[in-house]
Amino acid sequence: MKKGQMQNKNGFFIHDSSYNDKGSKIGKGTKIWHFSHIQGNSIIGENCTLGQNVNVAKNVIIGNNVKIQNNVSVYEGVELEDFVFCGPSMVFTNIKVPRSEFPQRGSKHYMKTLIKKSASIGANATIICGLTVGKYSLIGSGAVVTKNVPNYALVIGNPGRIVGWVDKMGKRIKFDINNVSLCGNFKLTKNTLSEK
Ligand SMILES: CC(C)(COP(=O)(O)OP(=O)(O)OC[C@H]1O[C@@H](n2cnc3c(N)ncnc32)[C@H](O)[C@@H]1OP(=O)(O)O)[C@@H](O)C(=O)NCCC(=O)NCCS
């Protein structure tokens with residue numbers, strides 16, 4: 001496929017094998033690859049990339065420059081801010097205690113999950129619903145996130161635990177004995193990293 005042929009008249013690209021339901025909004029420069037489904041009333045920003053087999057549910061909001069790798073369902077209640085990265089086969093949820101026998105259907109049942117700017121979620125990680133994942137945080141592959149994640153935190157394991165702090169590039173931050181980063185840009189106080 002040649003570059004010039006990729007975008008449709010609305011300025012985004014969606015592969016022929018994917019469905020785009022009525023009422024969705026997709027921004028310029030966004031690419032949606034094979035076997036994906038964009039449901040009505042969802043909003044996807046500009047310059048995003050959605051891989052193969054991605055489902056974006058009704059009323060979902062996705063910012064600009066977001067990357068969603070293969071096999072991810074962004075369920076209703078989830079919001080992704082700009083530059084969020086969702087690794088392959090990572091899992092969002094929107095019902096905390098699901099029961100087939102007692103179904104909880106419809107928007108009022110779905111818990112909100114907010115993934116803040118530039119957070120990255122590793123392959124096969126799970127985000128339990130109702131949480132906020134902080135900006136620039138890094139969730140290790142396979143982690144199960146059960147609590148809010150502070151900005152710049154590095155979380156791994158099951159249940160997910162904070163094991164360190166990362167900078168905007170995702171590099172580990174090292175601290176001196178006063179909890180000031182060696183680069184001088186951050187100060188750590190009681191599980192909160194502030195920029196100096
Ligand atoms: C298991 C579950 C029901 C527990 O909910 P809860 O009773 O509100 O539990 P809490 O959030 O208060 O957590 C209690 C403890 O269990 C841990 N925990 C909760 N869910 C966990 C999970 N899935 N894996 C590992 N640990 C978990 C928490 O970290 C916390 O640990 P702590 O006591 O050391 O701090 C819920 O977290 C869960 O996993 N729900 C399933 C969601 C899902 O898959 N939905 C699918 C449909 S969208």
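Student: Leaving aside neighbours within four places in sequence, what is Val-145 in contact with?
Tutor: With those set aside, Val-145 is in contact with Ala-125, Thr-126, Ile-127, Ile-128, Leu-131, Val-133, Ile-139, Val-155 and Gly-160. Contact here means that the C-beta atoms, placed from the backbone, lie within 7 Å. Keep in mind that this is a predicted model, where local features need pLDDT of at least 70, side-chain atom pairs count only at pLDDT 80 or more, and totals for chains, interfaces and linings use all residues. Numbering starts from 1 along each chain as its sequence is written.

Student: Which residues touch the most other members of the largest nonpolar core?
Tutor: That core has 43 residues, and the ones touching the most other members are Val-56, Ile-62, Val-74, Val-84, Ile-121, Ile-139 and Val-145. A nonpolar core is a set of buried Ala, Val, Leu, Ile, Met, Phe, Trp, Tyr and Cys residues joined through C-beta atoms within 7 Å. Buried means 20 or more other C-beta atoms within 10 Å of the residue's own, exposed means 12 or fewer, and partly exposed is in between, with C-beta atoms placed from the backbone.

Student: Which elements give two or more residues to it?
Tutor: Strands E12 (78-80), E13 (85-86), E19 (138-139) and E21 (153-156). Strands (E, at least two residues) are DSSP runs, numbered from the N terminus.

Student: Which residues of E21 are on the covered face, and which on the uncovered one?
Tutor: Ala-153 and Val-155 are on the covered face, while Leu-154 and Ile-156 are on the uncovered one.

Student: How does E21 pair with E19?
Tutor: In the parallel sense, over 2 bridges, and Ile-139 has Val-155 as its bridge partner in E21. Two strands count as paired if DSSP finds at least two bridges between them.

Student: And how do E21 and E22 run?
Tutor: Antiparallel, joined by 4 bridges. Val-155 turns up again, with Ile-162 as its bridge partner in E22. The two strands form a hairpin with 4 residues between them, and there Gly-157 takes a positive phi near 90°.

Student: New topic: where is Gly-170?
Tutor: Gly-170 is in the loop between strand E22 (161-165) and strand E23 (186-189). Leaving aside neighbours within four places in sequence, Gly-170 is in contact with Ser-120 and Leu-138.

Student: Why does Gly-170 count as partly exposed?
Tutor: Because Gly-170 has 14 C-beta neighbours inside 10 Å.

Student: What's the strand order in the open sheet of 4 strands?
Tutor: E2-E5-E8-E11, with parallel pairing. Strands E2 (19-20) and E11 (73-74) are at the edges with a single partner strand each, so one side of each has no neighbour in the sheet.

Technical notes. Contact = placed C-beta atoms within 7 Å.
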